[in-house]
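Please go through the model shown here.

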Amino acid sequence: MIRLERRPQPSPIWSMATPLVAVLATMIAGGLLFAALGKNPVEAIRTIFWDPLFGEFAFYYRPQLLVKGAPLVLIAIGLSLGFRAGVWNIGAEGQYIMGAICGAGAGLAFYPTESVLIFPLMVLAGGLGGWAWAMIPAVLKTRFGTNEILVSLMLVYVAEQFLASVSLGLLKNPEGFGFPGSRNLQSWDSAHNAELIAGSGLHWGVVAALIAVIFAYVLLNRHMLGYHIRLSGEAPRAARFAGVNPNRLVLFCLGLSGALAGLAGMFEVSGPSGQISIDFNVGYGFTAIIVAFLGRLHAFGILLAGGLMALTYIGGDIAQSNMGLPSAAIQVFQGMLLFFLLALDLLTNFRIRIGQPEVA
Amino acid sequence: MKLNTLLTSAAVALGLATGALAAEDKTKVGFVYVGPVGDGGWTYEHDQGRKAVVAEFGDKVETVYVENVAEGPDAERVMTQMALEGADLIFTTSFGYMDPTINVAKKFPNVKFEHATGYKRADNVSTYSARFYEGRAVQGHIAGQMTESNIIGYIGSYPIPEVIRGINSAYLHAKEVNPDVEFKIVWAFTWFDPAKEADAAKVLIEQGADVILQHTDSTAPQAAAQAAGDVITFGQASDMAEYGPKPRVSSIIDDWAPYYIARTQAVMDGTWSTSDTWNGIGAGMVKIGEISDAVPAEIKASALALKASLADGSYHAFTGPIKKQDGSDWLAAGETADDGTLAGMNFYVEGLDGDIPQ
């Protein structure tokens, strides 16, 4: 008989190992799925995980990993601080959208002026836009005790309506023949978040993501506020005795994660995406939740997890095109990753015992 | 080294490589889809076009596709990937792929690109679209006579010129046969979301609509109409014949196959050049699906006559006198709309209620 036995302490080894085991399990289960679809599983797994990094065209895909991973990491870092404190911001997608709208809007107000001040202004506006959108659930929670999960999630759909509205109205390209969507910021030097080194994929959003990783690490491990965040999540009563003000913590965590999501949106709209359009958001805010947990809410873990998620997206598209795999199979594959991670998490807190329990 | 140079040299190297392997000499054609190939509508029909290319050229052609590609940087990456892997011709089948297509085309001057429904062209980028509004005229003609509540529900996707053109065309031709007809328009802000589309259809039916027209791609509104009972619908982009003979009484079918075959042939022959194609019923890019027996014979006959007059060019779907919604004159009696105005149409015609969302 197999039974689970609670560990006295969470196992540090399993805590580190579960993401790796989860990736391996995903590869095996995914390989079976691909085999069932009549594709060579080894080739499929190689296409997804190996080709973007070391294949023939890796010179193009490696920079794309940065482009795809940066917004995920930037958003996930912000979310992880809140998740650690037990503050659940599920609405990063909305904050991402509002950051992009505010950032692009602040820039486009000065079109076609060329000035070095425009881009910094857009960065500021983008961060503030995301911050303000996250402050709605934060203030409602601290003033009226509403549930931040519901409020932040619902505000995603409100933000999507805003996005559609500005794409069709306020920010619509006057030279766009009546089609929705803003001017393309890529063709306006002052507002373009261009690659810092051509061909490297390294734009300001990537830089911001790396700074955020270091900042989050220092905050959580070397700073009183970081200690309070961890304490509130792990032992809320103890935190109150230690003098932590829960309201201030909610405002800080939601505000910071909103600002980072807003920055991610702003860097995306001014760089890789280029324009505000109705379908501007592609789910980074939701995927970042997976990234945060895949990275164990740890700053450097998130960096790796963001890279891994980006890899499955890019490799997944290659597998679709080269091997004719349906996109649904790729999505199932990505879903497996989270599923196995959560399932294997059990091993951190429990150990498997085989045999009859000893009679006391 | 600059990415552009790198990519170009890679493309050139590939071009040389394929040239060296002249024995194989396959033309590689890529397709980028915004939805799943099983949507039963827009993307499904583009994929039918791809299959027609395979059927036509057999071993001489290799096709690849990626579905569910988000508009923006993801689309750009997928196109770049196809070009790197040696595609000679790439069809990008959604309006939002416009700027990405132009960006990638700049990096791969030897690869030909075809962008559906856009307006930006380059030396290696053509655009193509279909005059769906001609099909809408036939729909409006049938719908206006079939409705008993005089309320026609219309599920719009996004308020872009193509969709507004369709609403205007359907309304004008419904009004022509039924002066009391009224249009209720719901904007779904999606091309493909079965749940949202079904909700939109239900709302319209509850508001008294007994005809549902849709400019979204799934079959969910058809199912909702079927469940509601005495409501008729029209297939969109694809025939959706499985919902016939009722609720689906007819359909607009996008037939991309002849165009895709012709353009692939042009690449093979080395005769491909930039063009802007906007074909309708006459050229066979827009087809009217079988009008079912649920439609009385005389309505069917007059609908087919209208279709024939659109096909041979003797009648234009936008023929004056037509006023704009605000009452100002648009087309004088006998005057027909020019393509430029149609392409950027951002106003309702007189008689439609409500505002175009902004």
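Q: Which residue in strand 11 of chain B stands opposite B:Ser129?
A: This is a predicted model, in which local features need pLDDT of at least 70 and side-chain atom pairs count only at pLDDT 80 or more, while totals for chains, interfaces and linings use all residues. Residues are numbered from 1 along each chain as its sequence is written, and chains are lettered from A and ligands numbered from 1 in the order in which they are written. Strand 5 (residues 125-130) of chain B runs parallel to strand 11 of chain B, and four bridges join them; helices (H or I, at least four residues) and strands (E, at least two) are DSSP runs numbered from the N terminus. The residue opposite B:Ser129 is B:Trp278.

Q: By how many degrees are neighbouring strands turned against each other, on average, in the open sheet with the order 7-6-8-9-10-12 of chain B?
A: This sheet has six strands with mixed pairing. Its edges are strand 7 (182-187) and strand 12 (286-289) of chain B.

Q: Which residue of strand 8 of chain B stands opposite B:Ile155?
A: Strand 6 (residues 151-156) and strand 8 (residues 211-214) of chain B run parallel and are joined by four bridges. B:Gly153 stands opposite B:Ile212. Opposite B:Ile155 stands B:Gln214.

Q: Are the residues that point either way from strand 8 of chain B buried or exposed?
A: B:Val211 and B:Leu213 point one way, and B:Ile212 and B:Gln214 the other. A residue is buried if 20 or more other C-beta atoms, placed from the backbone, lie within 10 Å of its own, exposed if 12 or fewer do, and partly exposed in between. All four of these residues are buried.

Q: What is the handedness of the β-α-β unit with helix 8 (residues 220-228) of chain B?
A: Strand 8 and strand 9 (residues 232-235) of chain B run parallel, with two bridges between them, and B:Val211 stands opposite B:Ile232. A crossover is right-handed if, with the strands pointing away from the viewer, the path from the first strand over the helix to the second runs clockwise. The unit made by strand 8, helix 8 and strand 9 of chain B is right-handed.

Q: Why does B:Gly354 count as exposed?
A: B:Gly354 is in the segment after helix 11 (339-343) of chain B. B:Gly354 lies 169 residues from B:Ile185 in sequence, yet their C-alpha atoms are 8.2 Å apart. B:Gly354 counts as exposed because its C-beta neighbours inside 10 Å number 11.

Q: Which element gives the most residues to the side of chain B that touches chain A?
A: In total, 36 residues of chain B are in contact (C-beta atoms, placed from the backbone, within 7 Å) with 33 residues of chain A. Elements giving two or more residues to this side are helix 1 (3-20), strand 2 (61-66) and helix 3 (73-84) of chain B. The one that gives the most, with eight residues, is helix 3 of chain B.

Methods: Contact = placed C-beta atoms within 7 Å. Pairing = 2+ DSSP bridges.
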